Amino acid sequence: ELAVLDILVSSFSIVIIVTMAHTTKQVGEVGTLESKLYFLRDGVVISPFHDVPVWADKSKFIANMVVEIPRGTNPKLEINTKEFMNPIKQDVKDGKLRFIHDKYPFNYGALPQTWESPEFTHPDTQAKGDNDPVDVCDIGSKLGVTGEIKQVKVLGVWAMIDAGETDWKILAIDVTDPLAEQLHDIEDVKRLCPDRIESTFTFLRDYKIPDGKGPNKFAFEGQLRDRAFAVVIIDECYKHWAEHLSAEKSALSRFHTTQGQPGYLSHDEIKGRLAW
C-alpha cells in the first residue's frame with residue numbers, strides 16, 4: 001500500500017514523498033528482556049531490515065530511516081538482525097539491558113537494506129564492517145519515535161572505527177525540518193548549524209568514555225565527508241546487503257515479505273512462526 005506521507009512546500013519547490021504505510025506492534029513489556037517491537041503493513045509483519053527500501057527518492061538524496069533511539073533517550077535499542085522478522089529490541093550486555101551513559105543529542109537509527117559486511121575490508125578504514133545496517137544521525141528538530149520510518153536528506157558521513165570495525169555514521173536531516181530545504185551538503189550544515197555537527201561528532205566519539213573505554217577512532221582524521229561520498233557508501237552497503245540476501249548461509253535472519261526474492265515468506269508462514 002502506498003501512502004503520501006509528507007508534502008513539503010517552499011517558495012522554490014513542492015516535494016511529495018511517497019512511502020509504504022506501516023504500523024508497529026509491541027510484544028512484551030517495554031524495558032524488559034522480552035520487549036520486541038515488530039513492524040506491520042496491512043496487518044502483515046514485515047522486516048524493517050529487508051522490506052523497507054533504502055531510498056525514498058535517490059534523485060533528491062532522500063533515504064528512509066528506521067528510528068531506533070529518539071533524541072533525549074539512552075536505552076540502546078536496535079533492529080535485531082538475527083531474530084525472525086528483525087524486531088527492534090534493546091541490546092543486552094552481560095545478561096542486562098544496555099543503556100548508554102549520556103542521552104542521544106539526535107535521533108538515531110538505521111538505513112534499511114544496507115549491511116556493513118564483516119567479510120569486506122574497506123580501503124579507507126582498513127577495517128571490516130561491523131555486521132549491522134548503516135547508522136543514521138538525524139539532526140532535525142522533530143523528536144523521533146522508536147519504530148518510525150522517516151524520510152531524511154543525506155548530508156554527509158563519518159567513518160567511525162568501533163572496536164576495530166568499520167561503522168559508518170550518516171549525517172542527515174528530517175525532510176520536514178524547517179532547515180531541510182537549505183541544507184544540501186556538509187558546507188551548508190557548517191554554515192547554518194555548525195553546532196549540530198560538533199555535538200553529533202562529540203557524542204559519537206566520546207559516548208563510551210564513561211564506561212571506562214577510550215574515545216572511538218575515525219578514519220579521515222575525524223573529518224565529516226560530503227554527501228557524494230555518503231551516497232557511495234550507502235550504495236556500497238546496499239550491494240553488500242543484496243549479495244548477502246542471496247548467500248547460501250548466514251547468521252542473520254533474512255526472512256521478509258518481498259515476493260520473488262530469496263527468503264520470502266507468506267503471511268500464513270509468518271503467523272505460524274510468531275504464534276501471536
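Visitor: Which residues line the second largest pocket?

Guide: Please keep in mind that this is a predicted model. The second largest pocket holds about 220 Å³ of space, and the largest share of its lining, three residues, comes from β9. The lining consists of Gln26, Val30, Gly31, Thr32, Ser35, Leu37, Pro75, Leu77, Ile88, Lys89, Gln90 and Thr146.

Visitor: Turning to the largest pocket, which residues lie nearest its centre?

Guide: The largest pocket has a volume of about 710 Å³, and a total of 29 residues line it. Those that lie nearest its centre are Lys76, Glu78, Asp91, Arg98 and Asp132.

Visitor: Which element gives the largest share of the lining of the largest pocket?

Guide: Two or more lining residues come from each of β8 (77-79), β9 (88-90), β12 (107-110), β17 (165-174) and α2 (194-206). By class, the lining has ten nonpolar, four polar and 15 charged residues. The largest share, three residues, is given by β17.

Visitor: What is the volume of the largest cavity, and which element gives the most to its lining?

Guide: The count of cavities of 30 Å³ or more comes to two, and the residues lining the largest cavity include Glu116, Phe120, His122, Trp168, Cys237 and His240. At least two lining residues are supplied by each of β14 (127-128), β17 and α3 (227-245), and the lining divides into four nonpolar, five polar and three charged residues. The volume of the largest cavity is about 60 Å³, and the element that gives the most to its lining, with three residues, is α3.

Visitor: How many disulfides does a search of the whole structure find, and how far is the sulfur of Cys137 from the nearest cysteine sulfur?

Guide: A disulfide is a covalent bond between the sulfur atoms of two cysteines, and the search of the whole structure finds zero disulfides. Cys137 is in no disulfide, and the nearest cysteine sulfur is that of Cys193. Since a pair must lie within 2.5 Å to count, the sulfur of Cys193 is too far from that of Cys137 for a bond, at a distance of 14 Å.

Visitor: Is Cys193 buried or exposed?

Guide: A residue counts as buried under 20% relative accessible area. Cys137 has a relative accessible area of 0% and is buried. Cys193 stands at 3% relative accessibility, so Cys193 counts as buried.

Visitor: Which residue in the turn between β4 and β5 has a positive phi?

Guide: β4 and β5 form a hairpin, and two residues lie between the strands. The residue in this turn with a positive phi, of about 55°, is Asp42.

Visitor: Where does Asp130 sit, and is Asp130 buried or exposed?

Guide: Asp130 is placed in the loop between β14 and β15 (135-138). Asp130 and Thr23 are 107 residues apart in sequence, and their C-alpha atoms are 29 Å apart in space. With a relative accessible area of 13%, which is under the 20% cut-off, Asp130 is buried.

Visitor: What is the radius of gyration of the whole protein?

Guide: The secondary structure comes to four helices and 18 strands, and the C-alpha trace spans about 55 × 50 × 35 Å along its principal axes. Buried residues make up 50% of the 276 residues. The globule rule gives 19 Å for 276 residues, and the protein is as compact as a globular protein of that length because its radius of gyration is close to that value, at 18 Å.

Key: Residues numbered from 1 in each chain as written. Predicted model: local features only at pLDDT ≥ 70, side-chain atom pairs only at ≥ 80, totals over all residues. Heavy atoms only, no water. 1 Å grid on protein atoms, 1.4 Å probe; cavity = no way out; pocket = protein on both sides within 12 Å on 5 of 7 lines; lining within 4 Å. Points joined across faces, edges and corners; volume = space filled by probe spheres on them. Nonpolar A, V, L, I, M, F, W, Y, C, P; charged D, E, K, R; others polar. Buried < 20%, exposed > 50% of the residue type's maximum accessible area, 1.4 Å probe, protein only. Pairing = 2+ DSSP bridges. Rg over C-alpha atoms; globule rule 2.2 N^0.38 Å.
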